[in-house]
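Consider the structure shown below and work through the exercises on helix packing and pockets that accompany it.

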Amino acid sequence: MTSYCRLMDGLYLLCMVVAGIALLIMVSVIPVGIFARYVLDGALSWPEPVAIVCMIIFTFLGAPVGLRAGTHICVSMLTDRLPAPLQRGARILCDLLMLAFCVMLFQSSFSLCEAMWSQAQASLPAVTYGQMYLPIPLGTLITLLFVIERLFAGEQTARPVVMLGGTH
């Protein structure tokens with residue numbers, strides 16, 4: 001499982017970098033659109049769809065990063081009060097439910113991408129709606145890989161690459 005964890009470390013870093021770049025582009029493009037509309041008095045057609053694409057990328061590639069690092073929002077009020085064996089059982093149950101959710105979301109989002117693959121966007125014709133939604137099944141697949149890793153190798157929050165950002 002060590003080689004799988006090392007592979008997931010690389011995937012984790014890649015997701016973190018891509019999500020960070022998408023966030024940087026998104027927060028750079030929005031002010032350009034505002035400036036063009038209100039200062040130059042001429043609205044641009046591309047900033048909003050570019051920001052939406054970046055938001056989709058940031059959300060669906062950033063979520064697996066948060067899941068693996070253990071920085072996602074969770075309510076553990078009940079499970080923290082359980083004895084250790086029941087806490088482990090609850091974590092396994094949660095991971096199995098997460099696997100089922102990922103499989104369903106992957107199937108649905110993949111079907112959405114297939115159905116919308118050739119439909120061009122009016123304001124950003126270089127990118128089709130299917131391409132715009134592609135980070136959804138991709139991020140879901142990455143989340144699935146991270147959940148499988150957690151099921152077989154345990155929590156990864158203490159790994160040096162995961163603690164890189166110092167969020168723990």
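Two exercises with worked solutions follow.

The model is predicted, so local features need pLDDT of at least 70 and side-chain atom pairs count only at pLDDT 80 or more, while totals for chains, interfaces and linings use all residues. Residues are numbered from 1 along each chain as its sequence is written, and side-chain values use heavy atoms, with hydrogens and water left out.

**Exercise 1.** Determine how the axes of α3 and α5 are arranged.

*Solution.*
Step 1. The axes (lines fitted to C-alpha atoms over the stretch in contact, with angles from 0 to 180 degrees between N-to-C directions) of helix α3 (residues 84-116) and helix α5 (residues 135-153) come within 8 Å and cross at roughly 160°. Helices here are DSSP runs (H or I, at least four residues), numbered from the N terminus.
Step 2. Angles over 145 degrees count as roughly antiparallel; α3 and α5 are therefore roughly antiparallel to each other.
Step 3. The contact of α3 with α5 comprises 17 nonpolar, three polar and three charged residues.

**Exercise 2.** Characterise the lining of the largest pocket.

*Solution.*
Step 1. The largest pocket holds about 680 Å³ of space. A pocket is an open set of points on a 1 Å grid where a 1.4 Å probe fits, with protein on both sides within 12 Å along at least five of seven lines; lining residues have an atom within 4 Å of a point.
Step 2. Of its 25 lining residues, Leu67, His72, Cys74, Cys94 and Arg150 are the closest to the centre.
Step 3. α3 gives the most to this lining, with nine residues.
Step 4. By class, the lining has 12 nonpolar, eight polar and five charged residues.

Technical notes: Helices (H or I, at least four residues) and strands (E, at least two) are DSSP runs, numbered from the N terminus. Angles under 35 degrees count as roughly parallel, over 145 as roughly antiparallel, 65 to 115 as roughly perpendicular and the rest as oblique. Ala, Val, Leu, Ile, Met, Phe, Trp, Tyr, Cys and Pro count as nonpolar, Asp, Glu, Lys and Arg as charged, and the others, Gly among them, as polar. Grid points are joined across faces, edges and corners, and a volume is the space filled by probe spheres set on the points.
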